[in-house]
Amino acid sequence: MLQIESRTFAKERGLFACVQCGKCTGGCPMAMKTKLNPRAIIYRVLIAGNGFNLEGRDELWDCTTCSTCYSRCPKQVNPMEAIVAMRSAIVEKGKIHPNVKTALESTFRNGNPLKLPREDRGLWAKDLQVKAFAETGAEYLFYVGCTPSYDPHGQKVARALVSLLQSAGVDFGILGNDENCCSSEVRRLGEVGLFEAMVEENAEMFKELNVQKMFTVSPHCFNVFKNDYHTIEAGATFGAQVQHYTQMLADLLKDGRLKFNGSFAKKVTYHDPCYLGKHNGIFDEPREVLTGIPGVELIEMDRSREKSLCCEGGGGRMWVEGTNPGTRLAQLRVKEALETGAEVLATACPFCLLTLDEAVKHLNAEEKIRVLDVAEIAAQAL
Amino acid sequence: MSELDSRANGRHAALVIGAGIAGIQAALDIADAGFKVYLVEKSPSIGGRMSQLDKTFPTLDCSSCILTPKMADVPRNPNITLLTCTQVKNVEGQAGDFHVTLEREPRYVDEKLCTGCGLCTDACPVSVPNLFNAGLDSHKAIYRVFPQAVPPAFVIEKKPSPCKITCPAHIPVQGYVALIAQGKFREAYQRVLDAGVPFVGTLGRVCYHPCETECKRADWDEAVSICALKRFAYDAGTLHAPPKPAPVHYAERVAVIGAGPAGLTAAYNLTLRGYKVTVFDALPAPGGMLAAGIPEYRLPRDVLKDEIETITALGVELKMNTPIGRDGGPSLEDLRRDYQAVFMAIGAHGSSRLDVPNEDVQGVFQAVPFLRHLNMGHEAKIGKRVAVIGGGNSAIDAARCALRLGSEVQLVYRRSRVEMPAAAWEVASAEEEGVKLTFLSAPTKVIEKDRRVIGIECIRMELGEPDSSGRRRPVPIPGSEYILDVDTVIAAIGQNVESAGLGVETKRDRVIVDPLTLETSVKGVFAGGDAVIGPGSVVEAIGAGIQAAESIHRYLRGMDLREGRTKDTPKAKDIEVVPTSPVKRAPRERMQELSIAERLNGFIEVELGLTQEQAIAEAQRCLACAVCSECNQCVTACLRGAIIHDDKPKRMDVDVDAILVATGFDVFDPHRKPELGYGKYPQVITSLEFERLASASGPTAGKISLNGHPPKKITFIQCVGSRDRSLNLPNCSRVCCMAVAKQAHLAHDRLPDAEITVFYMDVRAFGKGFEEFYDRVREEGVIYRRGNPSEIIRRGDKVVVRAEDTLIGEQVEVESDLVVLAVGMSPRADASNVSETLNLVRGADGFFAEAHPKLRTVESNVPGIFLAGCSQGPKDIPDTVAHAKAAASAAMILLNRN
């Protein structure tokens, strides 16, 4: 039995405010293809008396934590966080999928969930003239993140960002091999203990290095630093101002510090990453960067901004397949992008890059459309 | 104020704020009981939201049919004083003794004279979205809210006009631009004349157009090419036929000194007002600097001649070759004896000296006399290599003229390009034509041989600290002297006013005046233009001419010279423009120009003007941000003379015993729920828009259709902008369930084959006959599905409502041709102003709070102030009327007791 105390659970998470209107489930991208029904789960918790059994609720692992449910709820109930909390209860009992276990263990041992060696983390920047933050200090800490440090496409984005910021004269440094996973995915997978330990470790390090301002490549890292670190005791010492890199670039463009001498003459459509858009309301800045690039013709998909369709890369879903691996939302998304006639599908998230890249390959659409990060496009126009 | 005599001749009085159904009912009840009522309404008509509704639930009687008779009762009731376009500005005192200050916004149409015939609206060139029809169609800038409006008078919508405010002569730019857009070129030309500006073709060529700098269109792409359009209005609109002499109404005669733009403009305006005006000028030809200073390639002489002929044909007398106060001409005293007022507009025709050795040798010229000489048709003998000293417009004019006389020209300016006072486009043309520019250099000595120029010694400068003009002061670099090999020097370093001996007070050389009235130190003598401000622009001079004519008329008629002349208009920079429809980007139309070779071959006009197609396209780029363009077509059309374009706000004070607040509600703006795609998908509309679509008096005459097609699938969504904590609108809007049921019924009634779905969270059918009506609608076949839709997306030419049907626990998609959002009732956007003025407390839902939730629902927290209708919270019509009657009754207790 995987029992939770449902009354306490519901009370602590404000679930009693729920009027069962179904607005969460109506827009849930996973409800389109799996048994996940956020409204029904809340209802079951509400009517369960004082014990709700999580056994057999595999659909809890379908949630991508895209936050569509929370962003739409008229009663400000957060089904996504309720689901993450239910995952925690499962993880606490040790009843977790082997893949999840491996990712969590790797995060603990290697500082990344990818099972890759810690000493390779800084390799991407070996031939670049980037300051080592720990040695020289800098105005900004460039927090690179796991995927951009190790994944080939992610590395390209990190390198593009370095060239953009250098051309704009921004003073920044990186941590190299000392950088540690931000633990956003650890939290979404429900491993509260590991999350708290990692937060404490990172917060201490940033404090020691006197990090005042930082920016990230991934909206997931950005979100966890901005919204989660300071809300738990372990992150009490974390006080840096965090920005997503698209915010930095938009500001630099406005101030005239970032200038494009070249151009990128292509039709581009932009996919809003959930952790940038729905989670943090950052819709305009990436578009300001794209439209500021000479030659870019920005076309919007019908589902844009608040209605952006999740690519299924978040919420730990890079490591858990979910209950219906057949239809991938990323493929649906690429089809929507193709319908606009765009030659480039731009985004600003390393997870989105991976899932959309794979979908393009699966649909044999490599000739028609390329998936590029906003930073990559911008760097091409320098 | 007599029409609003205090305390209504000793009777007890109430003030009712807001004239929707609640305010109307309360006012009628109190008036019928014999008390005085001031019924104050912000908008131009009474009727409120109810006048926008089609049928009312659950009885399905027609909203207008039951409302209109009540509206008509208001003006007929002798106890009611109706004040539309009026707001409460201040309230003092207490129950039984309130002193209220009201402010009436101008309607710009005389309510008493207007018969509501609509000729004005037909003539008006400006259209704006019709908010009464929820933006589904448009109305003109002069309009009536709806046909049954009370009072029936039309109203003009005006906003501040950045171009007109910026123009020194306050020309109603949007007026002639709107007329050009309609192909009414003659009317456009006439409109500028009617603004007191006789120099249309001239300004259209030489104006430095500060209006374009402030044009809000530039926020989207580029400013409207206003100056070129004014030129077009003259080129295409003038008949070149001089007008008939203006009739003389007054015995007083006016003398104007100076036949430049300021003097002639004043003469033009005073003559039109009925004065006999004589203009004196020292030069042989009229026009002042227009004739003597501006070269022909910028202003062809036939244009100037034509415009001056228009002025003289009216009866303005010109006395040329007649200097005042010097060279044997009459003195100012002579003029004051023979004329009852004098306008002094002598310009700035003097020149500043270079103050360098040998500046009096042969070959050194001053720009002003040089240009005058040339412009008066004389031959100018200059050398092959010319240095022009200076960076203003005269320097550029002199340089470009010298170029046309076949010389090589070098312009020497002591500061850098950015500090040049000349217009940037003039500098660019000069460069294009071949003038060489040397910056940061100043002459130190003219080099002569046999008293003829053989060169000029200059010194290099650098820029130091900013001086009093805000520009950086040039400082010589010691030892950097060099020699320019030239045979002619034209100095254009400054102009001054030849004011000595005139007998008015001056500061340095400029005539001192009162900036508002242009009065000088001598009674009856006014001054303006360059004589007052130093070398300025043509449009400033014209502005001064208009201002002087107004002052002189008031002076001669014994009127107050200052009253009503200080305008508290906003600064153009502070005006925010929200376009009524999306702005389609389009670059401005550009004039053709002569080739460089053609230009240098004489003094032919360089710019060729816009073509007719270009002018119309350019005029259509105007955003009409002022709404009413002041084109005056309504004035011409109105047979009753009811249009008052310069109508002003009025303050009024009333004393009352009780106040009723019936300010109603706003409807929720669904742009705040972006997932529903309102504003993005034309298929998604609000319930208020649906009312107008369904209404027989609406834009489709009651046909429910979208782009001409009847929808086959209609989906209603309840609770949009109500019961929503995330929007801070936590309350139930109370009427939407039944309003949706009624609208679903109407849709079924008009389109029996349509599939109609209603998405609901709960159906609240609590009132008399409500549940029965809900039953009826379901039995008609309307599908009720439980679930609050999460999003609307596009699929082909349809939209798809995505929701969970919570009763089957599945995600569903409902394809729809039309989606109606049942928008909630929200507190008025300006509720905080009302609450501040009246000291009213608001509840957590933002509506005004009643004194007790059970026992005192019509009393506010302030004794003597009562709440009626939806100002207190969402209500349907029967509840609103009942609440209003209760409030009226509570107020009457107070009125009767006092």
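Trainee: Which domains does the assignment give for chain A?

Mentor: Domain bounds come from an automatic or database domain assignment. For chain A it gives domain 1 (3–92), domain 2 (98–248) and domain 3 (259–380). This is a predicted model, where local features need pLDDT of at least 70, side-chain atom pairs count only at pLDDT 80 or more, and totals for chains, interfaces and linings use all residues. Residues are numbered from 1 along each chain as its sequence is written, while chains are lettered from A and ligands numbered from 1 in the order in which they are written.

Trainee: How many residues of domain 1 of chain A are in contact with domain 3 of chain A?

Mentor: Residues are in contact if their C-beta atoms, placed from the backbone, lie within 7 Å. Here 15 residues of domain 1 of chain A touch 16 residues of domain 3 of chain A. The domain 1 side has four nonpolar, six polar and five charged residues. In this scheme Ala, Val, Leu, Ile, Met, Phe, Trp, Tyr, Cys and Pro are nonpolar, Asp, Glu, Lys and Arg are charged, and the others, Gly among them, are polar. Over C-alpha atoms, the centres of these two domains are 28 Å apart.

Trainee: Now chain B. At what angle do α6(B) and α7(B) pack?

Mentor: Helices (H or I, at least four residues) and strands (E, at least two) are DSSP runs, numbered from the N terminus. Axes are lines fitted to C-alpha atoms, for helices over the stretch in contact, and angles run from 0 to 180 degrees between N-to-C directions. Helix α6(B) (173–181) and helix α7(B) (185–194) pack at about 170°, with axes 8 Å apart. They are therefore roughly antiparallel, a label for angles over 145 degrees. Among the residues making the contact are Tyr176(B) and Leu179(B) of α6(B), and Phe185(B) and Arg191(B) of α7(B).

Trainee: Is α7(B) mostly covered or mostly uncovered?

Mentor: Mostly covered: eight of its 10 residues are buried, meaning that 20 or more other C-beta atoms, placed from the backbone, lie within 10 Å of the residue's own. The buried residues include Tyr189(B) and Leu193(B), and the cover includes α6, α8 (200–206) and α10 (226–237) of chain B.

Trainee: In what order do the five strands of the open sheet in chain B run?

Mentor: Two strands pair if DSSP finds at least two bridges between them. The order is β31-β38-β32-β33-β34, with parallel pairing. At the edges are β31(B) (684–686) and β34(B) (783–786), each pairing on one side only. From one strand to the next, the twist averages 25°.

Conventions:
Parallel < 35°, antiparallel > 145°, perpendicular 65-115°, else oblique. Contact = placed C-beta atoms within 7 Å. Buried ≥ 20, exposed ≤ 12 C-beta atoms within 10 Å, placed from the backbone.
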